[in-house]
Amino acid sequence: MAAYLDTLTVIIALFTLVHYSKGIVNDPSKNNIFGLSLSAIYLLAQSVWSTSFLLGDTWGRDLAHYVWFLFNTGVFLYLLDNEGK
C-alpha cells in the first residue's frame, strides 16, 4: 500500500512542478519560485530515499533524511510566509 501512496505523491509533485514552471514563465513571483523549489526538493528527497531503501544503502538513506529536513523546513517557511493570504 505504501508504494501506491508514494507513487501518488510523486505524480502530484510532478504536476505541481509543471504548474509552478508555467507560473514562473508568466509571473516570476516569490510564490511560484518557492513552489517550484519545494516540488523539486520533494522529488529529490523521495527518489533518493526510495532508491536507497531498495538498494539497502544506509549512506543514501541518511542523506535522504537531510533532504527531507530541507523539504519540511521549506514547507513551514512557505506556510509562514503565506499566513492569512
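**Entry 1: helix H2 and the model**

I began with H2, which has 26 residues and reaches 37 Å from its first C-alpha to its last, close to the 38 Å expected at 1.5 Å a residue; the expected span is 1.5 Å times one less than the number of residues. I noted that this is a predicted model, in which local features need pLDDT of at least 70 and side-chain atom pairs count only at pLDDT 80 or more, while totals for chains, interfaces and linings use all residues. Residues are numbered from 1 along each chain as its sequence is written, and side-chain values use heavy atoms, with hydrogens and water left out.

**Entry 2: the whole protein**

I looked up the protein and found three helices and zero strands, where helices (H or I, at least four residues) and strands (E, at least two) are DSSP runs numbered from the N terminus. The C-alpha atoms fill a box of roughly 40 × 20 × 20 Å, taken along the principal axes. Of the 85 residues, 22% count as buried, and buried here means under 20% relative accessible area, with exposed over 50% and partly exposed in between (1.4 Å probe, protein chains only). I also wrote down that 50% of the contacts with a separation of 6 or more come from residues 24 or more positions apart, a contact being heavy atoms within 4.5 Å.

**Entry 3: Asn-32 and Ser-39**

Which residues of H2 are buried? I listed Asn-32, Gly-35, Leu-38, Ser-39, Tyr-42, Leu-43, Ala-45, Gln-46, Val-48 and Ser-52. An α-helix has 3.6 residues a turn, so residues three or four places apart point the same way.

Asn-32 lies in helix H2, residues 30-55, and I counted Asn-32 as buried because its relative accessible area is 11%. A polar atom of the Asn-32 side chain lies 2.7 Å from the backbone oxygen of Asp-27. Leaving out residues up to four places away in sequence, Asn-32 touches Tyr-20, Gly-23, Ile-24 and Asp-27.

Ser-39, also found in helix H2, counts as buried because its relative accessibility is 7%. The side chains of Ser-39 and Thr-16 are joined by a polar contact of 2.9 Å; such a contact is a pair of N or O atoms within 3.5 Å, where within protein one must be able to donate a hydrogen and the other to accept it, and residues adjacent in sequence count only if both atoms are side-chain atoms. With residues up to four places away in sequence not counted, Ser-39 touches Ala-13, Thr-16, Leu-17 and Tyr-20.

Ser-52 has its place in helix H2, and I marked Ser-52 as buried because its relative accessible area is 6%. The side chain of Ser-52 reaches the backbone oxygen of Gly-60 at 3.5 Å, and Ser-52 touches Asp-57, Gly-60 and Arg-61, not counting residues up to four places away in sequence. The C-alpha atoms of Ser-52 and Leu-63, eleven residues apart along the chain, are separated by 9.3 Å.

What follows H2? I found Gly-56, whose phi is positive, near 70 degrees. At the start of H3, a side-chain oxygen of Asp-57 reaches to within 3.2 Å of the backbone nitrogen of Trp-59. Helix H3, residues 58-81, has 24 residues and reaches 35 Å from its first C-alpha to its last, close to the 34 Å expected at 1.5 Å a residue. Its buried residues are Gly-60, Ala-64, Val-67, Phe-71, Gly-74 and Tyr-78.
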